[in-house]
Amino acid sequence: MQGTRVRDLTLEAVFLALLIVFAMIPGMTLGFLPVPVVVQNLGVMLITLVLGARRGSAVMAVFIIMIALGLPVLTGGHGGVAVLVGPTAGYIWAWLFQPALFGLLSVFWPKKKGQVRPGIVQSFVLIFLLDLILVYGLGAGWLSWTAHLDFVKTYWANMIFIPGDLLKVALATIVVQALPQKVFK
């Protein structure tokens, strides 16, 4: 039992560190949105797929606390409470809910007997839909409210991120399928 807990904590720490390392890859702003293209959401996808609802949400909560404490753990070296209430905060807060919603939605997707982790198709579809609905929705909603923009236009402006996000979703699902089964137990 204790060995399992140590393994779980180690895995959670590794994925939190990976999320922070992804912050070191510079972001790039496209279009009129003040939202950069980042690699950190690939880390969130991996956390969601590997750690599951409970552990993934816990890691994302620790990440949000680190941001609140002012640690420079976001792309561009940003952190602080102001980031968590600023124009792009909705995207960050959506990351907190992504693992739990993935876990909830996974329950309704049929699994093969003995299957521990979601299949590659299930993972791809659910992560992409969560990105499209949850992350873009909360992100655009908060941005439109704080910047006094039209929600529909702001949401549709997010579509510029789809090609890159499809690539990240594909990469995350392929990486997760290559991991040994014991990682998920």
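Biologist: Which residues in α2 meet which residues in α7?

Modeller: The model is predicted, with local features needing pLDDT of at least 70 and side-chain atom pairs pLDDT 80 or more, while totals for chains, interfaces and linings use all residues. Residues are numbered from 1 along each chain as its sequence is written, and side-chain values use heavy atoms, without hydrogens or water.

From helix α2, N41, L42, M45, L46, L49 and V50 meet D165, K168, V169, L171, A172, T173, V175 and V176 of α7 (contact means heavy atoms within 4.5 Å; helices are DSSP runs of H or I, at least four residues, numbered from the N terminus). This contact comprises ten nonpolar, two polar and two charged residues (Ala, Val, Leu, Ile, Met, Phe, Trp, Tyr, Cys and Pro count as nonpolar, Asp, Glu, Lys and Arg as charged, the others as polar). The axes of α2 (residues 40–68) and α7 come within 9 Å and cross at roughly 35° (axes are fitted to C-alpha atoms over the stretch in contact, and angles run from 0 to 180 degrees between N-to-C directions). Their crossing is right-handed, the near helix being turned clockwise from the far one.

Helix α7 (residues 162–178) also packs with α5 (residues 120–147), their axes coming within 9 Å and crossing at roughly 145°. This crossing, too, is right-handed. Here α5 contributes I120, S123, F124, I127, F128, D131, L132 and Y136, and α7 contributes I162, D165, L166, V169, A170, T173, I174 and Q177. Eleven of these residues are nonpolar, three polar and two charged.

Conventions. Helices (H or I, at least four residues) and strands (E, at least two) are DSSP runs, numbered from the N terminus.
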